[in-house]
Amino acid sequence: MEGVEQGAPGREPAVVFLSYARADRERVLPLAESLHAAGVPVFVDEHRIDEFEGITEKIRQALAGARLFVAYYSATYPSRPACQWELLTAFRVASALGPPGKRILVVNPEQSTAHIQPVELADPRYLEPGDHAADRLVERLSARLAGGPEPFGDAVQSVRPVWRPTEHLGSERFVGRVAEFWQLHTALHAHEYPATQDDAATGQAAVIGLGGVGKTLLAEHYARRFASFYPGGVYWFTAAASHAPETAEEGAGNRGRPLTDTVALHAEVRAQHYQQVAAALALDPARNSPEEIREAARRHIERIGAPCLWIVDDLPGHLTPAVLRELAAPHPLGRTLVTTRWRGYQLPRIDVDVLAPEEAYRLLTGTREPAGPVEEDSARTLVARLGCHALAIDLVRGCLEDQRDLTYSALLRELDDTQHGDGFQDLLDDLYLQVPTDHTADIAATFTRSLRHLDEDALTLLRAAANLAAAPIPTRLLTAVTATVRGIDESAAERANLRALSTAQRRSLIRQTGDEAGGWFLHALVSRTLTLDPAQQEDLPALRAAVTAAATRLMQPVYQAGRLDLADLTPHVRALTETLDTPPSLELLASLARYDLETGHPARAATHYERLAQAREARLGRHHPTTLTSLHNFALACRTAGDFDRAIPLLLESLADRTRVLGTDHSDTLVARNSLAYAYVEVGDLDRAIPLLLEGLADSERLLGHEHPRTLTSRNNLAVAYEEARDFGRAIPLHIMTLEGRERVLGADHPDTLSSRNNLAVLFKETGNFDAAIALFKEILVSLERVLGSDHPDTLLCRNNLAAAHRGAGDLDRAISLYEQTLTDRERVLEPGHPSILRSRNNLAAAYQSAGDFDRAVPLLVAALADRERLIGSDHPDTLMTRHNLAATYEAAGDLRRAALLYEQTLAGRERVLGAEHPRTLNTRAGLERVRRAATRVSHDAEGTA
């Protein structure tokens, strides 16, 4: 590095960092030398940093060692990225240490102060150059240094924010917007700088501008550059409804387009928003109301306890203040940033217009200087013709970078030719009011021209992406699409996509986001151009079918190696299944339903299965076997969700339909009877369950044989029913017969065989034979770890059962250790909120209660009860069990009032769901009577004492 440096020979380490634009070098260096001569060690950088380069490590080190920061804030200074990085870094570190003006001094060589940002630096008086400028600066700096400020230190290092749910990378070619950055930051932190603010809304701001001018990029880069102000993370939600042409603003320019119905628009925006918030917090929106999701988000932010940035991107217009408040951050620690095209919201507003002409010119020519005056004139004409529209300029830059022989002049001529193509007017109509009106034709021509000059592979890939959701698109989904469309294997598709994505990315038609290679975003205006191109309409259904088929294939392995790794696909699967117009879309919806069921969201799965059944009934008829399967799966999902009021009537209907259509002896009819019987077991109606199970077992033995896998399953379910009835004399022989049959037919290591051994061990535990139960659970655990792996849910279930056996045997130390290990593993392997995680928390709390550790048991049970009530409902048997356990814990701790209240609630629920004579109902009733007797004794003792 050239020039005067920190640590230069013969000089003390620099305590002042002097930041300036290279264009001001001749005015700055004499000032720096004067400071050195006065005994103030100063760092001055003379290394040129180009537009899109990063900051050197040496500058970071110099800034870290400095105690004060001086900005030579000329009119050129805000246009230099390096200067802005230096100022921002100094500002955020100084803000953390106190008022930033105490560490930052501004030298303003201009007549005006309008170019100086941020306005927080308006409080201290500016220093102006002149004959005694150095003397005044030395005086000011000496006074500040006398206070002994510490160096900026390691805080100058950039802080990487935590993004939820998905990280946004921005663009490496982002230019300008300096004033907007600082205006936005000031608006979001208005209450912290009262001297420079009016009555701005606390912690909220709206970034407003037309489509494609860079609102989203501004928000992304703000979040990244100002990350250290938001240690609580960045939350990013998208309200893509504003992309629809019918949501254009009212007025004469609307060309007669109808406005979206206000009520419907509000409902759509709220539903979208709460689905995304639920996804960020791993909640099931089907099981949680908007109010519950918002409250969960509030508690989440409060628990982290640090400021966060809450971004709602692309907000549509005409929302009421009430809806707008719902979309804002739910906690005072959150700062809310919205981007929108509508100017009617009463929020502090940051207007994002088209780029300044010089900024637009720098963006266009930043990677390729015009070759001579003629080319420079053509480049400036392009900038003017495109109205300095950021996305359009970037698309043109991408074309020039991708086609090295294309000149600025030739590209200018091509834009004129493009405007005469078929369907161009449709695109103009769609972009009207979304881009600068005077430049609509040229901008539309830019989009069209950029796409038409892509090769077929890249164009097909982008058209496929236009069918998907406004969310990061995983690379493997694009790979699967290419493999399906072209009929090639995945390796060849990966190589083809590498070239296609690179081509599209160079032209700024698609961009990568996040740390993973799997995140790709397609801008909405590019997507609209693709979908409106009349040349592509004929192939659109076939392409959508290919995308659907590819997604269906990726959704098939719902469960793999103990993990459910399809969360990045599901936004696109949900988008593809919004319309069920083809058989592949029905298959995809079936995969989505199964995924939601496997990940512990049975209510959401039930909704999908219900839609699927309705669609198949409309397409195939009510009594088609495929329709009957969908109806049966709908009933099973309701049963899993604990919605027995719907599940049992549906299962009765399913059994009747299959009996009528398929016959009494059809295997699907046997399955329906078995499913209905097991639902009766779950609600404690054993008088209905056991006869059905006996009938089903007899039919299976007659039709399939005594050792057919389905017969063995029927025998297992009958054993479970007898176990629930506490008829162990019948249950144990049936479990043993099932186990022996499965060992002969399936083998000792088959998962069903291991399940039978687990059931038998559970029965040993239930009958008090803890030694036999523990020995068998240990054997099963070894086999499960070998066959399925240590993280498989069945393995974790067995470890949980082993813990329960140790607890029953009185070995609470081992039980608690195993419960804690199981909970940790389930939280690592399964999705947050999965029912198995909730069971683990319940079981661990019960073990703490048995050990007399009420301080740990009560909070865990309270949290588990709240989670279960939110996720599966108040009357689900698992929720009732947790409420019973909490009551028992309060009873053991001597809090009889709380115990009685919870026992009463649990008893009412179990009588309603399980029946008055179910063993668990009887257990709760006994607990309530016990607590009431204890409370009476306490009352009598108190009277006697008195």
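Predicted model: local features only at pLDDT ≥ 70, side-chain atom pairs only at ≥ 80, totals over all residues.
Reader: Thanks! Where is Arg726 found, and what is its phi?

Author: Arg726 is found in the loop between helix 28 (709–724) and helix 29 (728–745). Its phi is positive, about 60°, although Arg726 is not a glycine. Most residues other than glycine have a negative phi.

Reader: Which strand holds Asp314, and what is the phi of Asp314?

Author: Asp314 lies in strand 8, residues 308–315. The phi of Asp314 is near 65°, again a positive value in a residue other than glycine.

Reader: Why is Asp314 called buried?

Author: The relative accessible area of Asp314 is 7%, and buried means under 20%, so Asp314 counts as buried.

Reader: How do you know that Asn801 is buried, and what does Asn801 touch?

Author: Happy to go through it. Asn801 has 11% relative accessibility, and the cut-off is under 20%, so Asn801 is buried. Asn801 is placed in helix 32, residues 793–808. Leaving aside residues up to four places away in sequence, Asn801 touches Asn758, Val762, Lys765 and Phe777.

Reader: What makes helix 16 "mostly covered"?

Author: In helix 16 (residues 456–465), eight of the ten residues are buried. Among them are Leu459, Leu461, Leu462 and Arg463.

Reader: What is found at the start of helix 16?

Author: There, a side-chain oxygen of Asp455 reaches to within 3.0 Å of the backbone nitrogen of Asp457. A polar contact needs a pair of N or O atoms within 3.5 Å, so this distance meets that cut-off.

Reader: Which peptide bond is cis, and where is Pro118?

Author: The peptide bond from Gln117 to Pro118 is cis, with omega near 5°. Most peptide bonds are trans. Pro118 has its place in the loop between strand 4 (104–107) and helix 4 (133–145).

Reader: What is the average pLDDT of the chain, and where is the pLDDT below 50?

Author: The chain averages a pLDDT of 80, and 82% of the residues score at least 70. Over residues 49–54 the pLDDT is below 50, and this stretch has 13 contacts in the model beyond near neighbours in sequence. Residues 420–428 also have a pLDDT below 50, with 19 contacts in the model counted beyond near neighbours in sequence.

Conventions. Residues numbered from 1 in each chain as written. Heavy atoms only, no water. Helix = DSSP H or I, 4+ residues; strand = E, 2+ residues; numbered from the N terminus. Buried < 20%, exposed > 50% of the residue type's maximum accessible area, 1.4 Å probe, protein only. pLDDT = per-residue confidence, 0-100. Contact = heavy atoms within 4.5 Å. Polar contact = N/O pair within 3.5 Å; in protein donor to acceptor, adjacent residues only side chain to side chain.
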